[in-house]
Amino acid sequence: MSENQDRGTDLDEMAQRVRALSDQVVDRAKENGLAWLEGYERVLKNMLDLQEQAAKGTGSDWVATLAGAQADFVRETSSAFIGAMRQQLQK
């Protein structure tokens with residue numbers, strides 16, 4: 001083998017190692033993104049549940065209704081957003 005062929009082979013091997021490492025980095029980023037997204041979803045659910053309980057605790061029907069409507073709106077919009085993000089991370 002000539003020196004140029006050795007360099008070409010070395011560069012190909014290096015490119016394969018870089019590609020493999022890059023794939024590992026992307027996979028870990030997706031896993032971490034999914035874990036963060038699941039954590040965010042749990043925190044949001046707990047916060048909205050607390051908001052609704054606090055509103056019910058006021059004894060005022062209109063406050064409980066308003067808080068419930070707002071919580072439902074946030075649940076629905078965040079569900080769409082979180083679902084889209086989850087799909088992107090699972091590709």
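**Overall shape.** I looked up the radius of gyration, taken over C-alpha atoms. The protein has 25 Å, whereas a compact globule of 91 residues would have one near 12 Å. The globule rule is 2.2 Å times the number of residues to the power 0.38. I then checked the C-alpha trace, which spans about 85 × 15 × 10 Å along its principal axes.

**Ground rules.** This is a predicted model: local features need pLDDT of at least 70, side-chain atom pairs count only at pLDDT 80 or more, and totals for chains, interfaces and linings use all residues. Residues are numbered from 1 along each chain as its sequence is written, and side-chain values use heavy atoms, with hydrogens and water left out.

**Secondary structure.** I found two helices and zero strands in the protein. Both terms refer to DSSP runs, numbered from the N terminus (helices: H or I, at least four residues; strands: E, at least two).

**Burial.** Of the 91 residues, 18% are buried. Buried means under 20% relative accessible area (1.4 Å probe, protein chains only).

I took contacts between residues at least 6 apart in sequence; 58% of them join residues at least 24 apart. Contact means heavy atoms within 4.5 Å.

**Ser78.** I located Ser78 in helix α2, residues 61–90. Ser78 counts as buried because its relative accessibility is 13%. Its side chain reaches the backbone oxygen of Val74 at 2.7 Å. A polar atom of the Ser78 side chain also lies 3.2 Å from the backbone oxygen of Arg75.

How values were computed: Buried means under 20% relative accessible area, exposed over 50%, partly exposed in between (1.4 Å probe, protein chains only). A polar contact is a pair of N or O atoms within 3.5 Å; within protein, one must be able to donate a hydrogen and the other to accept it, and residues adjacent in sequence count only if both atoms are side-chain atoms.
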